[in-house]
Amino acid sequence: MRCINKKAACLFLLFMVSFCCGCGKKEVALEQSYDVYNTTGSMGISSNETGGDKKYFSENLCVAEDTEIGTDTTDAFVAEGAGTFNLATNTVVYQKNIYEKLYPASTTKILTAYIALTYCADLNENVIISEYAATQASDSSVCGIKAGDVITMRDLLYGLMLRSGNDAAIAIAEHISGDVDSFAELMNQEATKLGAVQSHFVNPNGLPDENHYTSVYDLYLIFNEAIKNETFLEIISTRFYEVSYFDAAGNTVNQTWENTNQYLSGHYRTPEGFEVIGGKTGTTGEAGYCLVLYSKNAAGQPIISIVLKADGKSNLYLLMNEMLEGFAN
């Protein structure tokens, strides 16, 4: 559906976003919320330009009403939220509760990776793993890095997105911002700049917290920006990654990380006619089973599809296949 989102119109207020990056301070002025009276065909928040130079925040985004599309012909009941976004036509072709506040689990790491790629000028620079980063809960998803290990930012990003390492997420956050709280502030600033105003983040890995939440639509906005980065695409499309780094004593450590995306690992069938490029999984008790996916249909059109809070892994991929086969061809 390509229309004005009235709910978002109430959420977006007049504001100025200022942010600092490695190249200096940049200011972005956002003039107004989704322009429901605009008749030019360009929709969304506009810049402070005038006349023909006026730019609208959502003119190249999928925008939709808060309604359901396609849920009557799919097993939509297996998940709390879902959406399919055709980037070629800028349309939302399938949706269920895309604006509902939900826990993101490890799909949080999409934003973490995006920030790392935005703020880290040299991905080959070394990161020394702190005691805190290395002592994440052993029953959570970790890369297995230890305190004192020396590993590049590039390798940490592969550990973050393929192995879904909570330890890698903390190490990245500490390296960029000094500590997790400061990095979380940066996450919220960057999310707001991307229009993800229904989200709030308190950590870089997505471990449960009542103040850590997002929505299907906000994840679409964040992921849509992240996939514009070629390095990000290279990482999420990698099936296996062999990494070599040094421990605190200077000894070489070798590991192989497998992508948790079950399409890429071959554990679940890719819909006929689709090419799965990559994405990010996430699972916690509170968030259920989650998947943000980037694919292309038979016509070569880029598709983002998202399922949040599915009740099981098999149902997660069942619904994802139904969304793609039924609405993204």
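Predicted model: local features only at pLDDT ≥ 70, side-chain atom pairs only at ≥ 80, totals over all residues.

Before we start, one definition: contact means heavy atoms within 4.5 Å. Two more go with it: helices (H or I, at least four residues) and strands (E, at least two) are DSSP runs, numbered from the N terminus, while axes are lines fitted to C-alpha atoms, for helices over the stretch in contact, with angles from 0 to 180 degrees between N-to-C directions.

Residues are numbered from 1 along each chain as its sequence is written, and side-chain values use heavy atoms, with hydrogens and water left out.

**Exercise 1. Get the overall picture: how many helices and strands are there, and what percentage of the residues count as buried?**

Step 1. Tally the secondary structure: the protein has 9 helices and 11 strands.

Step 2. Apply the burial cut-offs: buried is under 20% relative accessible area, exposed is over 50%, and partly exposed is in between (1.4 Å probe, protein chains only). Of the 329 residues, 54% count as buried.

Step 3. Look at the contacts between residues at least 6 apart in sequence: 60% of them join residues at least 24 apart.

**Exercise 2. Work out the order of the strands in the open sheet, and find which helices lie across E11.**

Step 1. Check the edges. E4 (91–96) and E9 (275–284) each have a single partner strand, so one side of each is left without a neighbour in the sheet.

Step 2. Zoom in on one pair. E3 (residues 79–86) and E4 are joined by 5 bridges, and Phe 85 sits opposite Val 92 in E4.

Step 3. H7 (residues 216–226) lies across E3, E9, E10 (288–296) and E11 (302–310), at about 140° to E11. H9 (residues 313–327) lies across E3, E4, E9, E10 and E11, at about 145° to E11.

Step 4. Pick out a residue of H7: Asn 224. At 10% relative accessibility, Asn 224 counts as buried. Leaving aside neighbours within four places in sequence, Asn 224 touches Leu 61, Leu 87 and Ile 304.

**Exercise 3. Describe the hairpin of E7 and E8: how many residues lie between the strands?**

Step 1. Phe 246 has Thr 252 in E8 as its bridge partner.

Step 2. Look at the turn. There are 5 residues between the strands, and Gly 250 in the turn has a positive phi of about 90°.

Step 3. Sort the faces. In a regular strand the side chains alternate between the two faces of the sheet. In E7, Tyr 241, Val 243 and Tyr 245 make up the covered face, while Phe 240, Glu 242, Ser 244 and Phe 246 are on the uncovered one.

**Exercise 4. Characterise the packing of H2 against H5: at what angle do they pack, and which residues meet?**

Step 1. Take the geometry: H2 (residues 109–119) and H5 (residues 166–177) pack at about 35°, with axes 11 Å apart.

Step 2. List the contact residues. From H2 come Lys 109, Thr 112, Ile 115, Ala 116 and Tyr 119, and from H5 come Asn 166, Ile 172 and Ile 176.

Step 3. See how covered H2 is: 10 of its 11 residues are buried, Lys 109 and Tyr 119 among them.

Step 4. Turn to H4 (residues 153–161). Here 8 of the 9 residues are buried, so H4 is largely enclosed by the rest of the structure. Asp 155 is one of those buried residues, as is Tyr 158.

**Exercise 5. Find where Asn 97 and Lys 309 are located, and say how accessible each one is.**

Step 1. Asn 97 is in the loop between E4 and H2. Its phi is positive, about 50°, although it is not a glycine. With a relative accessible area of 22%, Asn 97 is partly exposed.

Step 2. Lys 309 is in strand E11. Lys 309 has a positive phi of about 55° although it is not a glycine. At 40% relative accessibility, Lys 309 counts as partly exposed.

Methods:
Pairing = 2+ DSSP bridges.
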